[in-house]
Amino acid sequence: MKSLGLVVFFVLLLLGVSLVYGDLIKLPQYTETEQKPMKYEEENKGDSSTPLVEEGISRYFEMSQEELLAQLGEPTRIDPSQYSFDWWIYGDNSDQYIQFGIEKGKVVTAFVLGKNINVSPFKIGQSQEKVMEEISIEKSLPLKINGNEYRFQLSTEEMKTRPLVKINDLWAQLYLDKFTGTLVAIRYLNPETLLLQRPYSIEYRGKLMQQPELPREEWEEIESAEELQIFEITNVIRERYGVAPVEWHDETAEVAYQHSKEMKVEDYFSHTSPVSGQLSDRLKSREIKYVKAGENIAANYIDGIAAVMGWLNSEGHRKTMLSDEYTHLGVGVYEKYYTQNFLVPW
């Protein structure tokens, strides 16, 4: 994962009130004009895949929507996404937390966070050393779809924190915690969904699938869905690391949303707004009284899931997200800008 900007983690003590900011994380946004033509000398490189046992997640990709319902029952809820699928979220049990992306009645992607879900040949929570016994991590990975050729290029940091591996006919992003050296979660994707999301730098020859342009009313539904997903995933991770869950805080969520929106509209990326000032100013404007507050921001991630995983692997954000002092959380998403505001109310 690429991280831009200086570390700006600091604590401000003023009249017994504490503010904590995570370090800045803004991923480069890979647009079509930034893609590189595939180099001809690379086109004949082979690819390797890892065997995936039948009991693993791959079997769900063979199921129809009706078969998935018969196997798992009704989801906790169904959320829209900014892509061509809806998220079916099974989130009632943190140890069984999973999201299935359903497009045209079929599973096209899955995000597995629950530690008791079978993700053979891996296991959520296992050491990075054990993960590496099952796979080899490559810097450059080829993909062919409908005669078009693509190659994903991973940075050194991406290979350490979210390597991409091919598993039979699927692809898997392995979300690794670089601080503990453990596997936190896995995102499985079919080739078309991987190409649509483009979570890594890409070279290609042929046509590049266009990402959808969404009207504002659709974005509003997606943003609300991602805010709730970020909240739930944060609590699953806090529980995993032995930290008590936080409660949702409506007023702080509105502060977080307005900051995400302002960063997009005013075209800046910072904890300090040229319009609304610092977090303390934004909380004061909503008459929110607090003992301690902390803020994480991110931009240009493919979705809220990826933003949370990015925060976990950034020291300043991680300290804020896993702090046992915070009791409440408000999340605000505006398109691809993400803000978490943690709080200890007065």
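**Charged pairs, cores and strands**

Reply: Let me begin with one residue, keeping in mind that this is a predicted model: Lys178 is partly exposed, since its relative accessible area is 39%.

Me: Which residue does the side chain of Lys178 meet in a salt bridge?

Reply: The partner is Glu157, and the N to O distance in this salt bridge is 3.0 Å. Lys178 sits in the loop between strand 12 and strand 13, while Glu157 belongs to helix 3, so the pair ties together parts that are 21 residues apart in sequence.

Me: And Glu157, how is that one classed, buried or partly exposed?

Reply: Glu157 is partly exposed, because its relative accessible area is 21%, and the buried class requires a value under 20%.

Me: Why can such side chains pair at all?

Reply: In general, side chains of opposite charge can pair when their charged atoms come close.

Me: How many salt bridges does the structure hold?

Reply: The structure holds 13 salt bridges. One of them is formed by Glu232 and Arg77, whose closest N and O atoms are 2.9 Å apart. Glu232 is in helix 5 and Arg77 is in strand 5, so this pair ties together parts that are 155 residues apart in sequence.

Me: Are Glu232 and Arg77 buried or exposed?

Reply: Both Glu232 and Arg77 are buried.

Me: What about Asp303, which residue does it form a salt bridge with?

Reply: Asp303 forms a salt bridge with Arg187, and the closest N and O atoms are 2.8 Å apart. This pair links distant parts of the chain, with Asp303 in the loop between strand 16 and helix 8 and Arg187 in strand 13, 116 residues away. Asp303 counts as buried because its relative accessibility is 3%, and Arg187 counts as buried with a value of 0%. There is also a network in which salt bridges that share partners join Arg216, Glu223, Lys264 and Glu335.

Me: New topic, the nonpolar core. Which residues of the largest one touch the most other members?

Reply: The largest nonpolar core has 37 residues, and those that touch the most other members are Phe111, Leu113, Ile233, Ile237, Met309, Trp311 and Tyr338. Elements that give two or more residues to this core include strand 8, helix 5 and strand 18.

Me: Which element gives the most to this core?

Reply: Helix 8 gives the most, with seven residues. There is also a second, separate core of 28 residues, and among its members are Tyr90, Val165, Leu170 and Leu176.

Me: Back to Trp311, what does it touch?

Reply: Leaving out residues up to four places away in sequence, Trp311 touches several residues, including Ile230, Ile297, His317, Met321 and Tyr338.

Me: Now strand 10. How many of its residues are buried?

Reply: Strand 10 covers residues 148-153, and six of its six residues are buried. Asn148, Tyr150 and Phe152 point one way from the strand, whereas Glu149, Arg151 and Gln153 point the other way.

Me: Which strands does strand 10 pair with?

Reply: Strand 9 pairs with strand 10 in the antiparallel sense over six bridges, and Lys144 stands opposite Glu149 in strand 10. The hairpin of strand 9 and strand 10 has two residues between the strands, and Asn146 takes a positive phi near 50° there. Five bridges join strand 10 to strand 14, and these two run antiparallel as well; in strand 14, Ser201 is the bridge partner of Gln153.

Me: Phe152 has a ring, so which aromatic pair does Phe152 form?

Reply: Phe152 forms an edge-to-face pair with Tyr200, with 6.3 Å centre to centre and 75° between the planes. Phe152 lies in strand 10 and Tyr200 in the loop between helix 4 and strand 14, so the pair ties together parts that are 48 residues apart in sequence. Phe152 and Tyr200 are both buried.

Me: Last one, what does the protein chain come to in helices and strands?

Reply: The secondary structure of the protein chain comes to nine helices and 18 strands, and buried residues make up 57% of its 346 residues.

Methods: Residues numbered from 1 in each chain as written. Predicted model: local features only at pLDDT ≥ 70, side-chain atom pairs only at ≥ 80, totals over all residues. Heavy atoms only, no water. Buried < 20%, exposed > 50% of the residue type's maximum accessible area, 1.4 Å probe, protein only. Helix = DSSP H or I, 4+ residues; strand = E, 2+ residues; numbered from the N terminus. Pairing = 2+ DSSP bridges. Salt bridge = Lys/Arg side-chain N within 4 Å of Asp/Glu carboxyl O. Core = buried A, V, L, I, M, F, W, Y, C linked by side-chain atoms within 4.5 Å. Contact = heavy atoms within 4.5 Å. Phe/Tyr/Trp six-rings, centres within 6.5 Å; stacked < 30°, edge-to-face > 60°.
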